[in-house]
Amino acid sequence: MDEDGRIYFGLDEDPVRNITNPEDENIVHVTNYSDVFINIVEAEAFQLDEDLREEAYKFVMLSPPQELEGKDPSEYRTWEEATNLERGVMQMIYLTTAPIHNIDYIVHEDLYNHDALPILLEEFEKLGSPMVLFPAPQTVNDMQLFELIQVLHQMWGQLGQFENPAENKEEFEELYFQVRQETNDLIVRMNFLLSEEM
C-alpha cells in the first residue's frame, strides 16, 4: 500500500485477487488491484504502452470543462498520482477514441455496409463484456467514477451486440450518440477529478 492508501499490483503479479469477507467466509470478492481493465475469462488486459499512457493523460487534459479552462497544468494530479481506477478509465477512453470516431464517420456518411463496422462493433463487444473487471475503487471519488464507468461499460456491450445496424439506423444512432456523449461527459469528469487532491 502506498502513502495514499492505494494498493497496486502489476500485471505480472496477478493483480486479480479473491478477498474473503471477514464477517462471512462464504462471501468472496474478486478484486482487481491493477490500473487496467482485465477480462478475467480471457486473461486479457486492456492497457496502453508506457508512451501512450502519457498521451492518454494529455488527451483527457485537452478537453477541460469551462470552469477549469486556463487552470495551470501543474495544479492537476499527474498520471503517477492518479488512482488505479482513474488510470484505467483514461486508458479505456483513449482505447475507445478511434473506434468512436470511425463509427461517427460511418453514421454521418451512411456507410452501414462498410466492412469496418462489424470489426468496430466486435471491439466494443469485447470492451463491454460482463467478464471485464474494473480496477478496484479506493477513494470516495473513485466510487462515483466507478458508477459512471459501469454505465458506459454497459453501453459498450450494447453497442457491440447491436444487430443489423443498417436495418435499425435510428436505434443504432441513438445508442451510438449516447455512448459518445457519455464518453465526453466522462472526460469532463476526469478533468474535475484530477484537478482535486486525493
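1. In this note, buried means under 20% relative accessible area, exposed means over 50%, and partly exposed lies in between, with a 1.4 Å probe and protein chains only. By that rule aspartate 110 is partly exposed, because its relative accessibility is 45%. The residue sits in the loop between H2 and H3, and its phi is near 55°, a positive value in a residue other than glycine.

2. The model is predicted: local features need pLDDT of at least 70, side-chain atom pairs count only at pLDDT 80 or more, and totals for chains, interfaces and linings use all residues. Residues are numbered from 1 along each chain as its sequence is written, and side-chain values use heavy atoms, with hydrogens and water left out.

3. The protein has five helices and five strands, in the order β-β-β-β-α-α-α-β-α-α along the sequence. Helices (H or I, at least four residues) and strands (E, at least two) are DSSP runs numbered from the N terminus.

4. On overall dimensions, the C-alpha atoms fill a box of roughly 50 × 50 × 30 Å along the principal axes.

5. Of the 198 residues, 41% count as buried. The accessible surface comes to about 11300 Å², and 47% of that belongs to carbon and sulfur atoms. Accessible areas come from the Shrake-Rupley method with a 1.4 Å probe; for residues, only the protein chains shown count as cover. Among contacts (heavy atoms within 4.5 Å) with a separation of 6 or more, 69% are between residues 24 or more positions apart.

6. Six salt bridges are found in the whole structure. The criterion is a side-chain nitrogen of Lys or Arg within 4 Å of a carboxyl oxygen of Asp or Glu. One of them joins lysine 126 and glutamate 44, with the closest N and O atoms 3.5 Å apart. It links distant parts of the chain, from helix H3 (residues 116-127) to strand S4 (residues 44-46), across 82 residues. Lysine 126 is partly exposed at 33% relative accessibility, and glutamate 44 is partly exposed at 27%.

7. Glutamate 86 and arginine 77 form a salt bridge with an N to O distance of 2.8 Å. Glutamate 86 is buried, with a relative accessible area of 1%, and arginine 77 is buried at 7%.

8. Arginine 180 pairs with aspartate 104 in a salt bridge whose closest N and O atoms are 2.6 Å apart. The two lie 76 residues apart, arginine 180 in helix H5 (residues 169-194) and aspartate 104 in helix H2 (residues 84-108). Arginine 180 is partly exposed at 29%, whereas aspartate 104 counts as buried at 17%.

9. Asparagine 164 is partly exposed, at 44% relative accessibility.

10. Val30, Ile40, Val41 and Met131 form a nonpolar surface patch with about 330 Å² of accessible area together. Patches are made of residues with over 30% relative accessible area and no salt bridge; like charges are joined within 9 Å and nonpolar side chains (Val, Leu, Ile, Met, Phe, Trp, Tyr) within 5 Å. Valine 30 belongs to strand S2 (residues 28-32) and is partly exposed at 42%.
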